[in-house]
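Me: I have a structure open and would like to go through it piece by piece. Can you help me read it?

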Amino acid sequence: MKKRSTACLLLSALLFLLLASCSSQEEHENMKMDKSKDVKANDSLNWKVDSFTYTDEEGKPFSIEQLKGKVWLTNFIFTNCKTVCPPMTAHMAKLQQMLVGEKITAEIVSFSVDPKRDTPEQLRSFGKKFNSDFTNWHFLTGYSQDEIENFAKDSFKAAVSADPTSDQFIHGTSIYLVNSKGKVLRRYDGVQNVPFDEIVKDTKAAANQAVKENPIQNEEEAQPVKVELTISGNNHPAIKAAVSQNGEPVNAADEVLFEWWRSGEKKHQKVEIKEGKNGIYTLKTHDLKPGKYVVISHVTARGMHTMPKKEFSVK
Ligand SMILES: [Cu+2]
């Protein structure tokens, strides 16, 4: 040690600087790998994200269950980061805006790698600095240092560790795209050459895929099946049932049954129509005696039963 040369001192200083920087060596290797492999849009890394229940920037529990059926972008950050986390977060904020612009439904999750200092309040004020919209962007904490290091390694093959020489953390700088089944699809550079358009395009594709595979996820938003009966013509009126759901015509109802009778008479007539065109099921009446009639249509579509009633008269 006494004989330590100036060159050696310089080298130590350089090493110190390298370690203190946010991007890990593993990340640099990943970047190299990304370039050489030229990952295509359909290539899936196919890593399964481990189940978790952490704490969000509101101090509320946030678990992977809340991401079920949803597509999400994610990264690892900490609010006291002196290097890459601020630009990474600004990039994520830009992506959030772009997703809104393209009407893409996706969530964003930023995991703190410094859970001791990153309280929910701290994360919230950090997010606010970047105009993060917390409705679909979740900043997570509420675990031990060991837990987040293992989680990052197991689920994202990402290194996270405390820098022994400073108060900084060494962590990967990727943005990951996770599909609705909790599989990591892709990894992008989150700092320097962020492929914004590509990320938005891939997220859109994954979100469309999610809707296709899991229409149930929209069940809460699904309105009940709607039926509108209209009657046109006098002597032998045509009765039309327009069946729709969420403004979309339903052309394959389980059952559309028209049943009508003359007021005061017991005799009913029934016709079942199986297929609609543009959601319209038409019944042409015939041989009707003059009088007042009542018509009902039973419609069973998508498990929902609805039965409107209408009156008409034949002269
Ligand atoms: Cu950082």
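Me: Which strands do the buried residues of H4 pack against?
Reply: They pack against strand E5 (107-112) and E6. Keep in mind that this is a predicted model.

Me: OK, which residues of H4 are the buried ones?
Reply: In helix H4 (residues 120-129) they are Leu123, Phe126 and Gly127. Seen down the axis of H4, these buried residues fall within an arc of 100°, so they line one face of the helix.

Me: Why would residues with gaps between them in the sequence point the same way?
Reply: An α-helix has 3.6 residues a turn, so residues three or four places apart point the same way.

Me: And what does the face of H4 turned away from the buried side carry?
Reply: That face carries exposed residues: Glu121, Ser125, Lys128 and Lys129.

Me: What about just after H4, which residue takes a positive phi there?
Reply: Asn131, with a phi of about 55°. For background, most residues other than glycine have a negative phi.

Me: Where is Asn46, another one I marked?
Reply: Asn46 is in the loop between helix H2 (25-37) and E1. Asn46 is not a glycine, yet its phi is positive, about 65°.

Me: Is Asn46 buried or exposed?
Reply: Exposed, because Asn46 has 9 C-beta neighbours inside 10 Å, and the cut-off for exposed is 12 or fewer.

Me: Next is Lys157. Where is that?
Reply: Lys157 is in the loop between helix H5 (145-156) and strand E7 (160-162). Its phi is positive too, near 50°. Lys157 counts as partly exposed because it has 16 C-beta neighbours inside 10 Å.

Me: Back to the strands. In what order do the six strands of the open sheet run?
Reply: The order is E1-E10-E9-E4-E5-E6, and the pairing is mixed. At the edges are strand E1 (47-48) and strand E6 (137-140), each of which pairs on one side only.

Me: How do E1 and E10 pair?
Reply: E1 and strand E10 (residues 183-189) pair in the antiparallel sense, over two bridges. Val184 in E10 is the bridge partner of Trp47.

Me: Now the whole protein. How many helices and strands are there?
Reply: There are six helices and 19 strands. The protein has 315 residues, of which 31% count as buried.

Me: And what share of the contacts join residues at least 24 apart?
Reply: 69%, among contacts between residues at least 6 apart in sequence.

Notes. Residues are numbered from 1 along each chain as its sequence is written. This is a predicted model: local features need pLDDT of at least 70, side-chain atom pairs count only at pLDDT 80 or more; totals for chains, interfaces and linings use all residues. Two strands pair if DSSP finds at least two bridges between them. Helices (H or I, at least four residues) and strands (E, at least two) are DSSP runs, numbered from the N terminus. A residue is buried if 20 or more other C-beta atoms lie within 10 Å of its own, exposed if 12 or fewer, and partly exposed in between; C-beta atoms are placed from the backbone. The arc is that of the directions from the helix axis to the C-beta atoms. Two residues are in contact if their C-beta atoms, placed from the backbone, lie within 7 Å.
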